[in-house]
Amino acid sequence: MTTPWLTVIGIGEDGPDGLSAVARALIDAAEVLVGGARHLDMVPASAAQRLEWLSPFAANRDLLAAHEGRRVVVLASGDPMWFGVGVTLARWFTPAAMTVLPHPGAFSLAAARLTWPLQDCLCLTAHGRPVEALALHLVPGRRLLVLSEDGRTPEGVADLLRRLGWGASLLTVLEHLGGPREHIRRAVADQWQESCADLNLVAVECVAAPGTRPLSTLGGLPDEAFINDGQMTKREIRAVTLSALAPLPGELLWDVGAGCGTVAIEWMRAGGRAIALEPRPDRCDLIARNAAALGVPGLDIRRATAPGGLPESEPDALSPDAIFLGGGLSRPGVLEHCWTALRPGGRLVANAVTAEGEAALFAFHTLHGGGMTRLAVSRLKPVGGFHSWHPAMPVTQYLGIKP
Ligand SMILES: C[S@@+](CC[C@H](N)C(=O)[O-])C[C@H]1O[C@@H](n2cnc3c(N)ncnc32)[C@H](O)[C@@H]1O
């Protein structure tokens with residue numbers, strides 16, 4: 001049975017004065033104190049050995065492990081388990097080794113100042129993550145609380161909002177919450193010009209400008225939401241395709257022959273992770289631009305041709321939960337390679353528009369079972385003073401669930 005040796009104490013801008021008697025006693029009794037310079041400077045000198053965080057952060061695992069069994073106290077900001085250092089430490093050490101003492105975190109303090117019900121806010125971070133990821137969460141009337149990387153983050157948020165047609169959103173930047181330097185700034189994103197302290201949190205009340213079309217996270221975004229060169233799975237077929245792929249949060253998709261990335265991007269908007277494989281560099285560029293504009297900058301884009309270029313030996317890329325083949329099915333080995341890579345219970349979805357592609361799907365279906373669907377979509381278009389139905393090429397869709 002491990003005795004807890006690693007104590008993580010959340011501390012606010014008011015330093016030890018704001019801590020409980022228990023937290024202060026644990027700090028006084030520490031043999032090793034670990035933290036950033038800002039936090040270490042807050043606590044009075046003692047006999048404890050002081051260690052500043054190493055960079056890169058991964059190096060701190062060995063640093064801490066070397067002191068296992070001693071009274072080690074880590075100082076963290078606010079609530080250590082909410083986008084804090086406690087999250088990383090909990091990946092490295094067992095629950096039995098750790099004691100965590102939370103302090104009101106930046107989200108709680110911001111909600112208190114703004115009198116926003118915290119349960120109705122979306123709590124996000126731009127700390128160590130691209131600000132573009134916020135695009136996914138823009139919903140009229142929604143309140144976002146966003147942790148900042150530094151003093152430039154508020155301008156980054158304002159700029160993103162302006163570019164996406166949400167410049168009418170109201171920004172409130174709360175600096176040094178809970179301490180003597182606390183300061184609050186407010187302006188709409190369109191007029192944002194403030195310079196801010198590094199320690200800040202950005203609160204956003206989302207307002208779409210007239211003409212801005214808010215985007216749903218349900219699969220089947222309008223075709224115009226994507227920059228494209230015509231090579232894309234159109235809205236109606238895409239909606240059915242995503243329904244067949246059935247994304248769950250955290251699951252991994254391979255989008256093989258990703259075109260401008262529509263399916264991988266919509267999969268990620270539903271909470272998954274994705275690798276987009278596309279041989280043409282111009283299309284890889286389209287995928288990257290669409291991923292950034294649609295709030296999924298973490299899409300892993302690879303310039304590669306199937307089946308040769310499919311991930312083979314990277315543990316993180318292996319055993320996808322779903323694979324989508326949007327074309328190129330008749331190339332020998334592609335379907336079989338994907339089926340082998342898929343994890344048991346994973347979904348293989350393939351769309352064909354050519355007779356050759358359809359034949360490959362039918363042959364595969366004969367061997368492995370699964371279901372096939374024929375999708376025919378017509379769109380109403382004006383002709384002269386009238387309207388008529390314009391049929392798109394029918395799509396044959398295969399769905400196989402690996403035993
Ligand atoms: C790594 S996160 C830590 C969050 C921490 N776990 C918490 O609950 O407050 C660091 C970010 O939190 C925000 N933050 C933490 N304390 C803050 C404060 N007192 N005032 C404003 N923002 C703060 C800032 O956005 C900062 O960049």
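A polar contact is a pair of N or O atoms within 3.5 Å. In this predicted model, a nitrogen atom of the ligand lies 3.0 Å from a polar backbone atom of Trp-82.

- The ligand has 18 residues around it, of which Asp-79, Ala-106, Ser-148, Leu-177 and Asn-200 come nearest.
- By residue class, the shell around the ligand comprises 8 nonpolar, 8 polar and 2 charged residues.
- Domain 1 (6-103) and domain 2 (107-205) each contribute at least three residues to this shell.

- At Asp-79, a polar backbone atom is 2.7 Å from a nitrogen atom of the ligand.
- At Trp-82, the corresponding distance, from a polar backbone atom to a nitrogen atom of the ligand, is 3.0 Å.
- At Ser-148, a backbone N or O atom is found 2.4 Å from an oxygen atom of the ligand.
- The ligand on its own exposes 560 Å², and the protein buries 91% of that area.

**Domain arrangement**

Terms used. Residues numbered from 1 in each chain as written. Predicted model: local features only at pLDDT ≥ 70, side-chain atom pairs only at ≥ 80, totals over all residues. Heavy atoms only, no water. Near = heavy atom within 4 Å. Polar contact = N/O pair within 3.5 Å; in protein donor to acceptor, adjacent residues only side chain to side chain. Areas by Shrake-Rupley, 256 points an atom, 1.4 Å probe, with all protein chains shown as cover. Nonpolar A, V, L, I, M, F, W, Y, C, P; charged D, E, K, R; others polar. Domains from an automatic or database assignment.
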